[in-house]
Amino acid sequence: MRGGVLAAAILLLPLAAEARPARCTTTDDGTYPCDFQPTDQAGSFRISAPGKPTFLVNVEEPGRASAFVTLGPRNVSLPGVYVRSEADPACWVSDATRARICVR
């Protein structure tokens, strides 16, 4: 019986990480409809939309993350540490450039 429960859990795992519709705002691209996809249990995520760059925010510890933008086949690191905004918790802000990545 335990094997059946494990198999069911493995089959359901991808459903938890599926992209879902959201509203994204980035400093360079403005506000637009996007797909939000959680990538781990720590709060890391990926956002993507047709005609817009794909961003990946990797939470390293609560309230602090590194961010990347996908350019062609490469993920390029964005400058600074991204800190969760206290004024708007939907946003992550670079401590180096003040660039924002927000998801609602």
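A disulfide joins Cys-91 to Cys-102, with an S to S distance of 2.0 Å. The structure is a predicted model. The link between Cys-91 and Cys-102 is right-handed, with 110 degrees about the S-S bond. Distant parts of the chain are connected by this pair: Cys-91 belongs to strand β8, which covers residues 91-94, and Cys-102 belongs to strand β9, which covers residues 100-103. The two cysteines are eleven residues apart. Cys-91 has a relative accessibility of 0% and counts as buried. Cys-102 is likewise classed as buried, at 3% relative accessibility. Buried here means under 20% relative accessible area, and the value of 3% for Cys-102 therefore places this residue in the buried class.

In total, two disulfides are present in the structure. Besides the link of Cys-91 and Cys-102, a disulfide is formed by Cys-24 and Cys-34, where the S to S distance is 1.8 Å. The angle about the S-S bond is 65 degrees for Cys-24 and Cys-34, and this link is right-handed. Cys-24 is located in strand β1 (residues 20-26) and Cys-34 in strand β2 (residues 30-38), so the bond ties together parts that lie ten residues apart in sequence. Both partners are buried: the relative accessible area is 0% for Cys-24 and 5% for Cys-34. When the bonded cysteines are counted along the chain, the disulfides follow the pattern 1-2, 3-4.

Strand β1, which holds Cys-24, also contains Thr-26. Thr-26 has a relative accessibility of 4% and counts as buried. A polar contact of 3.0 Å is made between the side chain of Thr-26 and the side chain of Asp-29. With neighbours within four places in sequence left aside, Thr-26 is in contact with Tyr-32, Ile-47, Phe-55, Arg-100 and Ile-101.

Note on methods. Residues numbered from 1 in each chain as written. Predicted model: local features only at pLDDT ≥ 70, side-chain atom pairs only at ≥ 80, totals over all residues. Heavy atoms only, no water. Disulfide = S-S within 2.5 Å. Helix = DSSP H or I, 4+ residues; strand = E, 2+ residues; numbered from the N terminus. Buried < 20%, exposed > 50% of the residue type's maximum accessible area, 1.4 Å probe, protein only. Polar contact = N/O pair within 3.5 Å; in protein donor to acceptor, adjacent residues only side chain to side chain. Contact = heavy atoms within 4.5 Å.
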